[in-house]
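Have a look at the model below before reading on.

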Amino acid sequence: MILSGTMQINSKQHLEVGGCDTVDLAAEFGTPLYVMDEGLMRENCRRYLRALQKYYPRGRILYAGKAFLTLAMANLVKEERLGLDVVSGGELYLALKAGFPVKDLYFHGNNKSREELQEALRAGVGRIVIDSLAELEELLKLVQSKQQKAAILLRIKPGVEAHTHDYIQTGQDDSKFGLGFVEALEAVRLALAAAPLLELKGFHCHIGSQIFQLEPFGLAARAMLRFMATVRAETGYVARELDMGGGLGIRYQQEDNPPSIETFVKTVAGAVQEAALQENYPLPELLLEPGRSIAG
């Protein structure tokens, strides 16, 4: 009986993952035991890349390391030509230990310590995603003291509620994650004034996790492009990158029916292109950050 992906019940009535009998694995390695299907995870990475190439002219897929990250997983992501999103000093250390290209590392997190920001600067990560005005001011002090440049994205709260559990919504106005539109405009001005030490590349948003309904992603795209058009009108700044986060859900229960990877990418890419056309805004590079839907 096929359960999901490459999981099935074999003739012995044992669970198989990727053709491996889990009872045999438990006997050999003991329990508890994590069993990951490398072939399926690689195919999920490739599906994201193919879909983005098909539905959007220019973009990147970043694997969200918080879903599952080991040295082997970091190497898998590197081999599949994805970028990597890390959210702590520990995850950054692991990525560097795996020899992950630093230009393809994006450092997220809503409570980065001064030490973690220093580690990110020392490593020379591709982007630091700023989550608050306080963090932006802390990073500015660091780059000024070291006369070292940093490329950043600003994380924005788009004011969109995802149809998921309250605890894993992150895009609504009262979320602790990211900057509200008024704060964000202030952050843009602060970052632009700090050039060339701070290089503002664009904006980021993430509306939540384990999402099955795709309409909120379209609403978030429209909200983000409206904000970007406002920033352009107020400051003259035109963002080159837009990171729409991740959040695509996976099947946990029999009745769960998540959208496909291709449908998710097509929906988000189409919404960004439509919103950019409405705002007469140059198409930014589109970044997506799947985690659970690759490794879950």
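## A buried arginine

Does R155 count as buried or exposed? R155 is buried, at 9% relative accessibility; here buried means under 20% relative accessible area, exposed means over 50%, and partly exposed is in between (1.4 Å probe, protein chains only). Before going further, some ground rules: this is a predicted model, in which local features need pLDDT of at least 70 and side-chain atom pairs count only at pLDDT 80 or more, while totals for chains, interfaces and linings use all residues. Residues are numbered from 1 along each chain as its sequence is written, and side-chain values use heavy atoms, with hydrogens and water left out.

R155 has a salt-bridge partner in D131, at 3.9 Å from N to O. (A salt bridge is a side-chain nitrogen of Lys or Arg within 4 Å of a carboxyl oxygen of Asp or Glu.) This pair links distant parts of the chain, 24 residues apart: R155 sits in strand β9 (residues 150–155), and D131 in the loop between β8 (127–130) and α6 (133–146). Helices (H or I, at least four residues) and strands (E, at least two) are DSSP runs, numbered from the N terminus. D131 is buried too, at 4% relative accessibility.

## The barrel

Strand β9 belongs to a closed barrel of 8 strands, in the order β5-β6-β7-β8-β9-β10-β11-β12, with parallel pairing. From one strand to the next, the twist averages 30°. Two strands count as paired if DSSP finds at least two bridges between them. As a reminder, strands of a sheet pair through backbone hydrogen bonds, either parallel or antiparallel.

For a close-up, take strand β6 (residues 83–86) and strand β7 (residues 105–107), which pair in the parallel sense over 3 bridges. Here D85 stands opposite Y106 in β7. Elsewhere, helix α7 (residues 181–193) lies across β9 and β10 and runs at about 155° to β10. Axes are lines fitted to C-alpha atoms, for helices over the stretch in contact, and angles run from 0 to 180 degrees between N-to-C directions.

## Nonpolar packing

The largest nonpolar core has 83 residues, and I128, L139, I152, L154, F203 and M244 touch the most other members. (A nonpolar core is a set of buried Ala, Val, Leu, Ile, Met, Phe, Trp, Tyr and Cys residues joined through side-chain atoms within 4.5 Å.) Another core, of 5 residues, lies apart from it and includes L62, Y106, V129 and L287.

What does L139 touch, leaving aside its neighbours within four places in sequence? L139 is in contact (heavy atoms within 4.5 Å) with L117, L121, I128, I130, A150, I152 and L198.

## Aromatic pairs

The count comes to 5 aromatic pairs. Rings of Phe, Tyr and Trp (its six-membered ring) pair if their centres lie within 6.5 Å; planes under 30 degrees apart are stacked, over 60 edge-to-face, and the rest tilted. F203 and Y237 make an edge-to-face pair, 6.2 Å centre to centre with 85° between the planes. F203 is in strand β10 (residues 198–204), while Y237 is in the loop between α8 (215–235) and β11 (241–243), 34 residues apart. Both are buried, F203 at 0% relative accessible area and Y237 at 11%.

The rings of F217 and F264 have centres 5.0 Å apart and planes at 80°, so this pair is edge-to-face. F217 lies in helix α8 and F264 in helix α9, so the pair ties together parts 47 residues apart in sequence. F217 and F264 are buried. There is also one aromatic cluster, formed by F181, F203, F227 and Y237.

The whole structure has 15 salt bridges. In general, side chains of opposite charge can pair when their charged atoms come close. R42 and E38 meet at 2.9 Å, N to O. They are 4 residues apart in helix α2 (residues 38–55), which means about one helical turn separates them. R42 is buried at 15%, whereas E38 is partly exposed at 44%. E38 and R42 also belong to a salt-bridge network with R46, E79 and E80.

R47 forms a salt bridge with E262, the closest N and O atoms being 2.7 Å apart. This pair links distant parts of the chain, with R47 in helix α2 and E262 in helix α9 (residues 261–279), 215 residues apart. R47 is partly exposed at 24%, and E262 is partly exposed at 27%.
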